[in-house]
Amino acid sequence: LMEGGGIGLSIIISTLVATYSEYKNENSFRVLQEKASKIRTLCLRGVDGKKPTQIPIDFLVMEDVVILQGGDKVPADGELVAGSIMVDQSSLNGESVPVEKTARKGLNGDHKHGKEEKEDLESSHRVFRGSVVEEGEAMMKIDGLGKETVFGKLAIDLSSTDKRKQPLKMKLETLAQQIAQLSYAGAVLIAVSFLFKQFV
């Protein structure tokens, strides 16, 4: 009886630990998402489209012109239309050395990109969501938002590959299986012992 109780308690504890861990991860992700949605960026709005206005990044739309300054996190993918900045793209390519980005001369952000060029982190005229402006000031015309950004596509790829079980979850499942096997073996032994006592 004591063995059965111990086995049951172990299963309950392992289940509670797994549930708490999953809840904590989901809650942390939700909090980060809420914080990210409250980040504001300086965008040219107004009737003439030339008034700098602070707006939440969730309200940005295609072809908005965003003002980027030192310390800003780039909110979308786009082409620089004015200025020059040094950008840290380590969140996208792991390279911690800042790279220079400048506007193309005379195109005003209307350059047409093929898919490969649009996602080319080496481009000296394009900036990408998730990058951080180290220094300088520039204006960017948005041509990629949300899941259509390089950052968004990376996040989707990571979430799909992250369907692999987490190490803690795998250990807990293995433990639960071992406990279940022991409980079956224990139940058989208890039954055999009981029958033995009845007939001997």
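This is a short tour of one protein chain, stop by stop. The model is predicted.

**Whole chain**

Start with everything shown as a cartoon. The protein chain has five helices and seven strands. Follow the elements from the N terminus: they run α-β-β-β-β-α-β-α-β-β-α-α. Of the 200 residues, 28% count as buried. Contacts between residues at least 6 apart in sequence are worth a look too: 62% of them join residues at least 24 apart.

**Strands 1, 2 and 3**

Select strand 1, residues 40–45. Strand 1 runs antiparallel to strand 2 (51–56), and six bridges join the two. Strand 1 also runs antiparallel to strand 3, this time with two bridges. Which residues partner Cys-43 in strands 2 and 3? In strand 2 the partner is Thr-53. In strand 3 it is Val-66.

Next, pick Glu-63, in the loop between strand 2 and strand 3. Check its backbone: phi is positive, about 75 degrees, although Glu-63 is not a glycine. Is this residue buried or exposed? Glu-63 counts as exposed, because its relative accessibility is 57% and the cut-off for exposed is over 50%.

**The nonpolar cores**

Hide the surface and select Leu-60, Leu-68, Leu-80, Ile-85, Val-127 and Met-140. These are the residues with the most contacts inside the largest nonpolar core, which has 17 residues. Strand 3 (65–69), strand 4 (77–88) and strand 7 each give two or more residues to this core. Strand 7 gives the most, with four.

Zoom in on Leu-68. Beyond its close sequence neighbours, Leu-68 is in contact with several residues, including Val-74, Pro-75, Leu-80, Ile-85, Val-127 and Met-140. Another core lies apart from the largest one. This other core has five residues, among them Leu-42, Leu-44, Ile-67 and Val-81.

Side chains of opposite charge can pair when their charged atoms come close. How many salt bridges does the whole structure hold? A search finds four.

Select Glu-79 and Arg-104. Their side chains meet in a salt bridge, 2.4 Å from N to O. Glu-79 lies in strand 4 and Arg-104 in the loop between strand 5 and helix 3, so the pair ties together parts 25 residues apart in sequence. Both Glu-79 and Arg-104 are buried. For Arg-104, the relative accessibility is 18%.

Arg-126 sits in strand 6 and Glu-79 in strand 4, 47 residues apart. Arg-126 is buried as well.

Now move to Glu-119 and Lys-153. They form a salt bridge, with the closest N and O atoms 2.4 Å apart. Why does this pair tie together parts that are 34 residues apart in sequence? Because Glu-119 lies in the loop between helix 3 and strand 6, and Lys-153 in helix 4. Glu-119 is partly exposed at 29% relative accessibility, and Lys-153 is partly exposed at 28%.

**Last stop: Lys-147**

Finish at Lys-147, in the loop between strand 7 (132–144) and helix 4 (150–161). Lys-147 is exposed, with a relative accessible area of 62%. Leaving out residues up to four places away in sequence, Lys-147 touches Gly-152, Lys-153 and Ile-156.

Notes. Residues numbered from 1 in each chain as written. Predicted model: local features only at pLDDT ≥ 70, side-chain atom pairs only at ≥ 80, totals over all residues. Heavy atoms only, no water. Buried < 20%, exposed > 50% of the residue type's maximum accessible area, 1.4 Å probe, protein only. Contact = heavy atoms within 4.5 Å. Core = buried A, V, L, I, M, F, W, Y, C linked by side-chain atoms within 4.5 Å. Pairing = 2+ DSSP bridges.
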